[in-house]
Amino acid sequence: MGNLILAVKQGEELNVGFTINEDGNPMDLSDYTIRFQVKKIPLVTAQPIIDKHITTDSDMNTIGNINAPQSGQFTVHLLEEDTSFPTGEYSLVISIEQEGFIDIISSKCCNQAIYKICEQ
């Protein structure tokens with residue numbers, strides 16, 4: 001995913017699509033859960049202000065869905081309440097999870113993913 005900045009308008013409800021690649025090819029997400037978190041500070045122990053567990057069976061209208069697992073594609077649904085925080089930048093953490101295995105894919109090394117709320 002590299003450097004990632006997800007900019008949204010304050011109070012907006014929307015779907016945002018992502019594709020996860022592994023070694024340049026789409027990763028098969030069939031057996032994974034995608035965890036989409038937004039935190040006020042970029043610490044592992046910080047409580048998320050948004051915390052969505054996205055699967056192939058999750059509700060597209062409230063959470064999002066892994067809509068094309070073999071192609072590495074998932075969509076997160078952001079409700080109005082998810083984008084109604086004060087404007088500014090927040091830490092975005094996207095990870096893949098599978099029975100005790102967790103890999104944060106939104107940032108590697110010193111790169112940090114950003115969830116940015118902009119004025120309407």
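This report describes a strand sheet, an aromatic cluster and the salt bridges of a predicted model.

## Basis of the values

The model is predicted, with local features requiring pLDDT of at least 70 and side-chain atom pairs counting only at pLDDT 80 or more, whereas totals for chains, interfaces and linings use all residues. Residues are numbered from 1 along each chain as its sequence is written, and side-chain values use heavy atoms, with hydrogens and water left out.

## The open sheet

An open sheet is formed by 3 strands in the order β2-β8-β7, with antiparallel pairing; here strands are DSSP runs (E, at least two residues) numbered from the N terminus, and two strands pair if DSSP finds at least two bridges between them. The edge strands, each pairing on one side only, are β2 (14-19) and β7 (64-68). From one strand to the next the twist averages 25°, where axes are lines fitted to C-alpha atoms and angles run from 0 to 180 degrees between N-to-C directions.

Strand β7 is joined to β8 (residues 73-78) by 3 bridges, and the two strands run antiparallel. Within this pairing, Ala68 has Gln73 of β8 as its bridge partner.

## The aromatic cluster

The count of aromatic pairs comes to 3, under a rule in which rings of Phe, Tyr and Trp (its six-membered ring) pair if their centres lie within 6.5 Å, with planes under 30 degrees apart counted as stacked, over 60 as edge-to-face and the rest as tilted. Phe18 and Phe36 form a tilted pair, at 6.4 Å centre to centre and with 50° between the planes. Because Phe18 lies in strand β2 and Phe36 in strand β5 (residues 33-39), this pair ties together parts that are 18 residues apart in sequence.

The rings of Phe18 and Phe74 are stacked, because their centres are 5.1 Å apart and their planes stand at 15°. This pair links distant parts of the chain, Phe18 being in strand β2 and Phe74 in strand β8, 56 residues apart. Ring pairs link Phe18, Phe36 and Phe74 into a cluster. Phe18 has a relative accessibility of 8% and therefore counts as buried, a class that means under 20% relative accessible area, with exposed over 50% and partly exposed in between (1.4 Å probe, protein chains only). Phe36 is buried as well, and Phe74 is buried with a relative accessible area of 1%.

## Salt bridges around Arg35

The model has 3 salt bridges, each defined as a side-chain nitrogen of Lys or Arg within 4 Å of a carboxyl oxygen of Asp or Glu. Arg35 meets Asp51 in one of them, at 2.7 Å from N to O; Asp51 lies in strand β6 (residues 48-54) and Arg35 in strand β5, so the pair ties together parts that are 16 residues apart in sequence. Arg35 also meets Glu97 in a salt bridge, at 3.8 Å from N to O, and because Glu97 lies in strand β9 (residues 88-98), this pair ties together parts that are 62 residues apart in sequence.

Asp51 is partly exposed at 34% relative accessibility, and Arg35 is partly exposed with a relative accessible area of 21%, whereas Glu97 is buried at 17%.

## The Asp82 and Lys52 pair

Asp82 forms a salt bridge with Lys52, in which the closest N and O atoms are 3.0 Å apart. Asp82 lies in the loop between β8 and β9 and Lys52 in strand β6, so the pair ties together parts that are 30 residues apart in sequence. Asp82 is buried, with a relative accessible area of 7%, and Lys52 is buried, with a relative accessible area of 7%.

Methods:
Helix = DSSP H or I, 4+ residues; strand = E, 2+ residues; numbered from the N terminus.
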